[in-house]
Amino acid sequence: MSTRHDSAHRQRGNPIEETERLHRLCELADTQAALKRLAVLIARNDSPTEVFAAVTKEIRRRFGSVTARMIRFESHGTATIVANEGTAGPHVRVGEEWTNFPERGLTCTVWRTGRPARVDDYREVPGGEVYLTEGLLSAVAVPVYVSGSLWGLIAIGSGTGPLPADAEERLSEFTGLTATAIATAQSRAELIASRARIVAAADEARERIERNLHDGAQQQLVTLALRIATLTECPDLTTSVRGELQTVLSDLRTVLTELREIARGIHPAVLSEAGLGPALRSLASRSALPLRVRVDVPGRLAAPVEVGAYYVVSESLTNAVKLARATHAEVSAVLDNEVLCVHVADDGIGGAVCRGGSGLLGLQDRVEALGGRLLVDSPLGGGTRIHCEIPAGKHGAGRAELSDFPGR
């Protein structure tokens, strides 16, 4: 009888153990769901700032903590709060320097040891009063390593008592994904910066060639044309010689015109001297298409932004004439909230695509190197619409900002 009872009890299982097992399974499922949401965010190439904010939000929700924050260690010996979710105070300013943290606190300990750290009672930590006023009694932090180097930490805080003994282990489940996001963003920023340097070098070379053509070959041809024109006025010339000289002069002027067009196509002087608006209007005056141009760009922009926008328009119009067989086109360039929006539309045969061998692919590379984006809408028979947006504020001009993710 007793044997049958024990067997039945074992089959049913211990209710307490079963409850704990189900609880652990629920926690695991919640963690996996949170990590999956973050992985999707990272895959979308969202900005590091958005990823950091999402990580701290997921961690706070997952642990039910009073606060969750992420701190980055700087190479010059300071730290920066890059994300905070939950409690705050005058000492908590996201994006600003993290200062006056106690020597026995989490930041110093993780920075010094490179290992997880905890504070079970801030009342026992010299300098911990600032956290007590924030409503925190205890906290746990784990380090974040990126490419083998200590980058910073993720911390959670409690307002009641010490955090669970396994808090460090559970929190570390989020650091790997965070490190991946940081490394991915860093690689992408370095790639953008590299592409921007290549584009800038090419533009400088174009401008130098244009300047050399203008100051060298063009001036020599102008001088030569004037000398020949003077010779044609000489009274001692025979009719045949005068006619030959006039033919040479006509051919020389044609070559000079073509050379000017080439120089203007390499890097228009008006763009450097007067800016995007006059350059686009000059482009319109030479266009083989009837063209309507609208420019609403007050003042000058950074040179890489102006050059990038100019070549988007120039290449698009060239394609409209040579490939799309368009009969009309429209161009607009508008500065909206520190973003330069350029739009080119034609009524051609459509079918334009950004792929290998296409001039549009080069434009896309140029625009993305400036931190912008280029969109092409070109259905067959429906004309082509090319739209690009280029940051033109203080972080424009293709300077990839690495400040969101430099490690120690």
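Q: At what angle do helix 10 and helix 11 pack?
A: This is a predicted model. In it, the angle between helix 10 and helix 11 is about 15°, and their axes lie 10 Å apart. That angle is under 35 degrees, so helix 10 counts as roughly parallel to helix 11.

Q: Is the crossing left-handed or right-handed?
A: Helix 10 passes helix 11 in a right-handed crossing.

Q: Which residues meet there?
A: Helix 10 brings Leu276, Ala279, Leu280 and Leu283. Helix 11 brings Glu306, Ala309, Tyr310, Val313, Ser314 and Leu317.

Q: What does valine 313 touch, skipping residues up to four places away in sequence?
A: Leu280, Leu283, Val331, Val342 and Val344.

Q: Now the largest nonpolar core. How many residues, and which touch the most other members?
A: It has 34 residues. Those touching the most other members are Leu276, Tyr310, Val312, Val313, Leu340 and Val342.

Q: Which elements each supply at least two residues of this core?
A: Three helices do: helix 10 (276-285), helix 11 (303-322) and helix 12 (359-369). So do strand 8 (329-336), strand 9 (339-346) and strand 11 (384-391).

Q: And where does the largest share come from?
A: Helix 11, with nine residues.

Q: What about the second, separate core?
A: That one has 23 residues, among them Val82, Val140, Val144 and Ile182.

Q: Why would such side chains group like this?
A: In soluble globular proteins, nonpolar side chains tend to be buried together.

Q: On to the sheet. What is the order of its five strands?
A: The order is 7-8-9-11-10. The sheet is open, and the pairing is mixed.

Q: Which strands stand at the edges?
A: Strand 7 (291-296) and strand 10 (373-377). Each has a single partner strand, so one side of each has no neighbour in the sheet.

Q: How are neighbouring strands turned against each other?
A: By 10° on average, with direction ignored.

Q: How do strand 10 and strand 11 run?
A: They run antiparallel, joined by five bridges. Arginine 373 stands opposite glutamate 389 of strand 11.

Q: Which strands does helix 11 touch where it packs on the sheet?
A: Strand 7, strand 8, strand 9, strand 10 and strand 11. The direction of helix 11 makes about 5° with that of strand 9.

Q: And helix 12?
A: Helix 12 packs on the sheet too, touching strand 10 and strand 11. The direction of helix 12 makes about 150° with that of strand 10.

Q: How many residues of strand 9 are buried?
A: Six of its eight, which leaves strand 9 mostly covered.

Q: How does strand 9 pair with strand 8?
A: In the antiparallel sense, over eight bridges. Alanine 333 has valine 342 in strand 9 as its bridge partner.

Q: What's in the hairpin between the two?
A: Two residues lie between strand 8 and strand 9. Asparagine 337 takes a positive phi near 55° in this hairpin.

Q: How many bridges join strand 9 to strand 11?
A: Eight, and these strands run antiparallel. Cysteine 341 has glutamate 389 in strand 11 as its bridge partner.

Q: Last one: is asparagine 319 buried or exposed?
A: Asparagine 319, in helix 11, has a relative accessible area of 18%. The cut-off for buried is under 20%, so asparagine 319 counts as buried.

Q: What is asparagine 319 in contact with, leaving aside neighbours within four places in sequence?
A: Ala324 and Leu360.

Notes. Residues numbered from 1 in each chain as written. Predicted model: local features only at pLDDT ≥ 70, side-chain atom pairs only at ≥ 80, totals over all residues. Heavy atoms only, no water. Core = buried A, V, L, I, M, F, W, Y, C linked by side-chain atoms within 4.5 Å. Buried < 20%, exposed > 50% of the residue type's maximum accessible area, 1.4 Å probe, protein only. Helix = DSSP H or I, 4+ residues; strand = E, 2+ residues; numbered from the N terminus. Contact = heavy atoms within 4.5 Å. Pairing = 2+ DSSP bridges. Axes fitted to C-alpha atoms, helices over the stretch in contact; angles between N-to-C directions. Parallel < 35°, antiparallel > 145°, perpendicular 65-115°, else oblique. Left-handed = near helix turned anticlockwise from the far one by under 90°.
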